[in-house]
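Okay, thanks for having me, everyone. Let me put the structure up and walk you through a few spots in it.

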Amino acid sequence: MNIQTNNTNATENQSEECNKPPLVSEPLKYTISDACNDDDFTDNLIDPEKELERELQIFDRQIEELTKAGDTPVIGQGPEVVIGFDSEYVFASEEEKRNRYLSLQFYVIGEGKTYTKVIYPSGPLQTDRPAFYPTIISLLQECVDDGVIREWPSKVILSGFFLRTDLAAFRDLSSFKTQLDVASGKVTTVGSPVQFQPESPEHDGNRLKPKFVVVKEAAGFTRGLVVRFIDIGSHVAVGTTLADIGEQIGLPKLAIPDGYSIERMDELLKGNKPAFEEYGMRDAEIAAHYYQKLKAFALTHTESRSVPSTASGLAVRMLLSQLDQQGTNFHDTFGFEEKKGVYWNNVKGSVVTQKSVIPTEMRAITEPFVAKCYHGGRNECYTFGPTQVSVWNDFDLAGAYTTGLVDLRPVDYDSFWHTKDELNFVGHVVGFALVEFEFPADTKFPCLPVEGSNGGLFYPLSGRSYCTAPEIEVALGMNCSINVLHGVIIPWCEDVDDSDSRIFEKFTTGIRDLRRSFIKGSPDELYAKLIGNSLYGKTAQGLKKKTVFDTHGLKSIELPPSKITNAIIAAHTTGFIRAVLSEQIARVPAGKTVISATTDGFITDAELSELDLTGPMAIRYQSLCDRVAPGTKMLEMKHKVRQLVAVKTRGQITAVPFEGEKPILAKAGVSPSVPTDQHNSFMLDLFLNRKPGQTTMSKPFTSIREQWRKNTDVVRLTREATLNLEYDFKRNLIDGDGMLPVGSINHINLQTKPWKHIDDAETTRALHSGWKRQHCIKDVDDWMDWSEHVAFSVVRARLKNKGSNIRLTTKKGLAGVFCRMFLVAFTNQMHGIKKTMKYAEVANWLTEAGYPTSLEDVKNSRRGKFYEHVIPPSNRMDELSYVLLEKFPEMDLPKFYVQ
């Protein structure tokens, strides 16, 4: 059949058999939206002079290439060609980790023209899939023949979304997978392009030494082809879908026709092939045009024609470009120096000098200690369960990390000095210390971080902390006693032209100005925001040991530092933000409640007008806001709700929304199995109706480690995990507001207080990890069970140290222990208790009083051991005491209770 494609004519034969179509291509009739035409093809009116100049350029290059014909492949000199790529498939087998690929879609952007192509695998097996090399070569040759590409390209960009899923649609992925890289969890090209060789029985999949693929031309010489892979998922915020990207760039993702589903695309292919092809091609089109957007953005803001693999990579490039423009020496600013080494090169037959960039000696001396003072954000939940119905406000620090970076002036790495005087850490100082500390006992929100054994941060009343100067200043403001065990100050540079110059100010103001120049929520505005938020992370990359999967060596390696990794910059910035946040929550007025703190924000029932913004950290932070965005307030209202359910760190659910406001929802790691707009109600129901040992199902994708090592496809796996919506005990639970209604269900509300020492926190956490297997804290009885369990664990530990042991049974709890000790005392006539009742009478009496006891329990107690002072006092133990004293008033009760 003869089908008209956009900007091209092509004739192909296509089998009508949809169940198992042959491996052939079919150009499509496809129309580009006006949004894309306006952005990418503005040269519809041809300039004759420029067209003649371009033709002469092509002709001259062809003559030049013909003179180079020989064994050495000739690299093309034509413009970069962008290929948007997508595949459609259905899940075949979780056991075999295989999908059945239905089609591969390619959307090519050439010189003012586009070309589309769909390829169908010849069957359901992996061996029936097309091979990468002949597929791309055939595609490019068709584009040349149709005039979409006017000369062989110097580079091909293969752009996709979640690319590693689609690359598995090529049967020979295993032959080139080790030449791909992973960045931000996405498969991409970071260094050398992928290298291929034409398929042949002798050389199938062999790797060439040159960094290009090879194709034979009719003229008799071979072509070099550079291929670069880009996953556009590395250039959007976490959670962004391809549909979101499409909406942003004016190419909305197409809807699947009624009666069909994304899970059964094979049915759509069979029942409505045109709709199937249009759906898949739109995804490839989005990938191609979004890359064009990225390229234009990079060119405008970094003067570079290439797009880094990730948004954070582009952020680094922008920073370096700005530092260069303002005449700032990058090496001096970040503490690097150039080192030369010499070695013998066998190929050249001579000594070769090699240059490398390394941290300066003085920076390297302080770096290990400073890295210990680098921590993540402050993340805690300060209450558990539902709140009262009120107005709960979610405040964020405006542009937290991009603004925090502006606090840094150039530092003098060579002039660091040591101090044990805590007052030297007060003021605008870059300082780091290991301290012993103790806050007053009534401090509600201590501010010095202590790392737990699992790496999480705790904020106890006392202990040792690796911390930063801003945190020390806030702690001193809380009357904290601090003993500096080891401290280092890195002074500001005194020889800079501007004594108040800031390293990151131009970058931060540039990002703010960029965002303001775009329509809020537009793709450019969102991308500028992503870049701004990405830069800080690159300063901290590699400071904490983290392993990543190496796609080249198929093994785990430590994540290396980035080009701008710097412990001093990263530790000071995050320490400053923690200090600002800590100061804010500590100054929330008495009578107001703080629900949680999460990195750069907190939830409270205090209004903005009631918050104290006069502390030293708040004043400094506001001054930075004034520098980078005059008129901006340091705190922004993000959300507000009427009632909230607090679960744990990063676990908050809206119970009653505020009129016209979006709900507050942090899902504590749970993946709801419902549409996004139902996530909040799903989480609320899950929390209120949870049960001990309850499990949830998750459907993670095959990891890249498994995909690369076992040559599997990317499939959805079914995993069962124990639900964990209990409190995380980063603080100590205490009595709160009791039972509060959430709709028609009541749930207990508990408050918290800081731990005295991190050992208390970790011991309680370990205890709770065992207890929660059979319990949840949902009502007052649950809370009393847990409280008694904790208190009795102290008794057990004391007895164990003395070589004794006593157990608390699951069903009877602490009351069961009390009854056992009473029965031992009764049957042995101890501690003022006489045998004034028969054994059967005692068993019946205790059972009727609510403490089930059998005759055998009483008889066996005659041989039991009495342990003194093992009953922690509680309301329920007092009730049991009254029951016992009523029958045995001479009972020596102090012998039972913990002293």
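**A walk through the model**

So, Val351 sits in strand β15, which covers residues 350-359. Keep in mind that this is a predicted model. Is Val351 buried or exposed? Exposed, with a relative accessible area of 56%.

Zooming out for a second, the protein has 899 residues, and 51% of them count as buried. The secondary structure comes to 25 helices and 35 strands. If you take contacts with a separation of 6 or more, 70% of them are between residues 24 or more positions apart.

Okay, helices. Helix α3 runs over residues 132-145, so to speak, 14 residues in the run. From first C-alpha to last, α3 reaches 20 Å, close to the 20 Å expected at 1.5 Å a residue. Its buried residues include Phe132, Ile136, Leu139 and Cys143. Remember that an α-helix has 3.6 residues a turn, so residues three or four places apart point the same way. After α3 comes Gly147, with a positive phi near 80 degrees.

Last stop: Glu583, in helix α16, residues 567-586. Glu583 is buried yet has no salt bridge. Which side chain of opposite charge is nearest? That's Arg587, 4.4 Å away, and the salt-bridge cut-off is 4 Å. Leaving aside neighbours within four places in sequence, Glu583 is in contact with Val474, Gly615, Pro616, Met617 and Ala618.

Key:
Residues are numbered from 1 along each chain as its sequence is written. Side-chain values use heavy atoms; hydrogens and water are left out. Helices (H or I, at least four residues) and strands (E, at least two) are DSSP runs, numbered from the N terminus. Buried means under 20% relative accessible area, exposed over 50%, partly exposed in between (1.4 Å probe, protein chains only). The expected span of a helix is 1.5 Å times one less than its number of residues. Lys and Arg count as positive and Asp and Glu as negative; His and the chain ends are not counted. Contact means heavy atoms within 4.5 Å.
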